[in-house]
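Please read it alongside the sequence and the structure shown here.

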Amino acid sequence: ADADKDNRLGDQDFLVTETERGTFPNSGDPYLKLNGVLQSANNSKFNITFGSVPKDLSTVSAEHKRGTALTIRLMRELRENYGVAPGQVEAGTVLRVKVDKDKVNKSTGQYYLRAVAIKPKSEIGGSTNGTSAASVAGF
């Protein structure tokens with residue numbers, strides 16, 4: 001069973017190596033992407049994308065609303081735990097993040113990874129198996 005376990009999941013140290021600004025092709029909305037590696041998971045490539053928050057949520061899809069809610073939460077946690085906004089994060093910054101699966105392909109079992117939380121600085125360098133029932137539930 002351990003061979004099937006993805007060591008990128010759970011609490012990880014994320015080293016930001018570059019920031020990238022662009023626009024989503026379908027909507028034209030701006031985004032900021034923090035690219036880097038999960039130092040605590042064999043330097044696996046990883047990124048966090050912050051999209052713009054729509055002014056009127058009534059016009060967007062349910063999936064877009066979920067993404068917007070996650071973006072708002074990650075922005076809040078980044079400010080609370082590191083004292084910066086996404087655009088102020090510089091290459092060389094290490095963030096403690098909680099990584100989870102996103103969009104599992106049912107036929108192949110493949111999936112993308114996403115940050116579901118930005119944890120306090122004090123947790124950098126901690127255990128990577130911080131997946132208690134409370135942390136999975138988001139409390």
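Helices (H or I, at least four residues) and strands (E, at least two) are DSSP runs, numbered from the N terminus. The model is predicted: local features need pLDDT of at least 70, side-chain atom pairs count only at pLDDT 80 or more, and totals for chains, interfaces and linings use all residues. Residues are numbered from 1 along each chain as its sequence is written, and side-chain values use heavy atoms, with hydrogens and water left out.

**The loop between β2 and β3**

- N42 is found in the loop that runs between β2 (30–38) and β3 (44–51), and N43 lies in that loop as well.
- N42 has a positive phi of about 55° although it is not a glycine, and N43 likewise has a positive phi of about 55° without being a glycine.
- Burial is judged by relative accessible area: buried means under 20%, exposed over 50%, and partly exposed in between (1.4 Å probe, protein chains only).
- N42 is exposed, with a relative accessible area of 65%, whereas N43 counts as partly exposed at 47%.

**The nonpolar core**

- In soluble globular proteins, nonpolar side chains tend to be buried together.
- A nonpolar core is here a set of buried Ala, Val, Leu, Ile, Met, Phe, Trp, Tyr and Cys residues joined through side-chain atoms within 4.5 Å.
- The largest such core has 20 residues, and those with the most contacts inside it are F14, L34, F46, I48, L95 and V97.
- At least two residues of this core come from each of β1, β2, β3, α1 (62–82), β4 (94–102) and β5 (112–119).
- Helix α1 gives the most to this core, with four residues.
- Leaving aside neighbours within four places in sequence, V97 is in contact (heavy atoms within 4.5 Å) with residues including F14, L38, F46, I48 and I118.

- Q12 is found in strand β1 (residues 10–23) and counts as buried, at 0% relative accessibility.
- The side chain of Q12 reaches the backbone oxygen of N7 at 2.9 Å.
- I118 lies in strand β5 and is buried, with a relative accessible area of 2%.
- Leaving aside neighbours within four places in sequence, the contacts of I118 are F50, L74, E77, L78, N81, Y82, R96 and V97.
- I118 and K98 are 20 residues apart in sequence and 6.4 Å apart in space, C-alpha to C-alpha.

**Salt bridges**

- A salt bridge is a side-chain nitrogen of Lys or Arg within 4 Å of a carboxyl oxygen of Asp or Glu; a search of the whole structure finds seven.
- E80 forms a salt bridge with R76, with the closest N and O atoms 3.5 Å apart; both residues lie in helix α1, four residues apart, about one turn of the helix.
- E80 is exposed, at 57% relative accessible area, while R76 is partly exposed, at 42%.
- The side chains of R114 and D102 meet in a salt bridge (4.0 Å, N to O).
- R114 lies in strand β5 and D102 in strand β4, so the pair ties together parts that are 12 residues apart in sequence.
- Both partners are partly exposed, R114 with a relative accessible area of 32% and D102 with 24%.
- K119 forms a salt bridge with E123, the closest N and O atoms being 3.9 Å apart; K119 counts as buried at 15% and E123 as partly exposed at 29%.

Conventions. A polar contact is a pair of N or O atoms within 3.5 Å; within protein, one must be able to donate a hydrogen and the other to accept it, and residues adjacent in sequence count only if both atoms are side-chain atoms.
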